[in-house]
Amino acid sequence: MVIAFSPQSALGQLLLLRSIAIVLQLILVIISILLLDKDIPHRPVFTIIALESVFQLFSIFIYRRSREISERAMTLQLVADVLFLSVLLSFLGGASNAFVSLLLLPCIIAAVTVSIGYVLFVSASALSAYGYLYVAVTMPMHHHGMHMGEHLLGMFVNFVFMVVVTVGVVALLVKRIREREALLAKTREKQLQQEQLLALGSAAAQVTHQLATPIAHLSLLLEELQEDYPNHPAVKEMVAPISQCRTQLDGFRDQTELLKLKGQSQAQPTDYILSQLEELMALQYPKQTIDIVEQTTPVSIQGDPMLIPSLLNLVVNAAKANERTGMTQIDLRAFSKNGFWYLTIKDQGRGIAQQKLDTIGKSVVDSDSGFGMALLLTHATLERIQGELKLENLAQGGVLSTAKLPIVGAE
């Protein structure tokens, strides 16, 4: 976690508060000397304020061009405030000074800006400073006054209680706010993803509809050519491609109909899924060698109309990666573990650029062959049935894609 340095950031506001505090300290000390006739040790008090001012200017100079700082740096700033205030109060009455309660302020700021470990460190620093002021400074001054001693002891106990309660409550509220912000960010990300998928689905449906007419027209022309030139080699070669186009269009229509039947999908056996992947890849990429090994007994996973096409996208990406490097081997491994079915797909390509590895499949990004739409659809499909998709580069080259899907009936 890092903290941005700007006037609206936690660090910017802390430096502003410190500047105000330095000015107020000077004003109060001068008023006490000139108007209230207080016996204040001038030299050490003004020396401490001067040192705090130098530290403030040094902090502003150091972080003036920094866009963000670490939690450790923020914690050091807060501990410095505790140190300056406690040293200043040691010359102004110690724990009997009414402004000793300001030691609580760095603890509250820490609870809002840094993680719990640093919050505890700042709180311990404030409690130690108050304890020092009470034991080493205040008690020797009031050892003859029993009632005053009891009052100061009560103030000390009250300060400890306030630190524990206030910091605890603030830290809990901040944690809940951050969790809510993270949930809202995740919801916005999912909404954006759904909008992208809806736009992609609409475009795909339109393309499918537009292709249906010319393919039907080509089929009629092929039938006429078969009647006129039944033995012509070109006519015979046209049969398989046009037949495959019709089959693909029929498959798209079937997928659309299945998507309309929400909640009516049935569990699918994993051996059937693997056989479908092998069959489809044999049709689309006959030159690629698909090595499929199911290491455990076949199980059933939650069915979805887009599950097989989504897993096919992963294998197709592996085949394309192999073609770019002249390789032909694709390894598929399937196994069950802890109530989940895993399918790993390993290719022999060049891998994925590291800067794209964390975002590809979760948003639209530029890739070698498009915008990563296939992986985006695969990720959305697996997420819809409580599955996961993980992509990682292998040390020996290539990408290892791992699909994790829940087993039906597993606890």
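Student: Does tyrosine 130 count as buried or exposed, and at what relative accessibility?

Tutor: Buried means under 20% relative accessible area, exposed over 50%, and partly exposed in between, with a 1.4 Å probe and protein chains only. Tyrosine 130 has 1% relative accessibility, so this residue counts as buried. Please note that this is a predicted model, in which local features need pLDDT of at least 70 and side-chain atom pairs count only at pLDDT 80 or more, while totals for chains, interfaces and linings use all residues. Residues are numbered from 1 along each chain as its sequence is written, and side-chain values use heavy atoms, with hydrogens and water left out.

Student: How many aromatic pairs are found in the whole structure?

Tutor: Rings of Phe, Tyr and Trp (its six-membered ring) pair if their centres lie within 6.5 Å; planes under 30 degrees apart count as stacked, over 60 as edge-to-face and the rest as tilted. The search finds five such pairs. In one of them, the ring centres of tyrosine 130 and phenylalanine 156 are 5.3 Å apart and the planes stand at 25°, so the pair is stacked. Tyrosine 130 belongs to helix 5 (residues 116-141) and phenylalanine 156 to helix 6 (residues 146-228), so that distant parts of the chain, 26 residues apart, are linked. Helices (H or I, at least four residues) and strands (E, at least two) are DSSP runs, numbered from the N terminus.

Student: Which residues form one aromatic cluster?

Tutor: The cluster consists of Tyr130, Tyr134, Phe156 and Phe159.

Student: Which residues of helix 2 are buried?

Tutor: They are Val45, Ile48, Ile49, Glu52, Gln56, Ser59 and Tyr63. Their arc around the axis, taken from the directions from the helix axis to the C-beta atoms, is only 95°, which puts them on the same side of helix 2. Exposed residues Arg43, Val54 and Leu57 lie on the face turned away from that buried side. With contact meaning heavy atoms within 4.5 Å, the buried residues pack against helix 1 (10-34), strand 2 (68-70) and helix 3 (71-90).

Student: In what order do the five strands of the open sheet stand?

Tutor: Strands of a sheet pair through backbone hydrogen bonds, either parallel or antiparallel. Two strands count as paired if DSSP finds at least two bridges between them. Here the order is 4-6-7-9-8, with mixed pairing. Strand 4 (289-294) and strand 8 (388-393) are at the edges, each with a single partner strand, so one side of each has no neighbour in the sheet. Strand 6 (residues 329-337) and strand 7 (residues 340-346) pair in the antiparallel sense over seven bridges.
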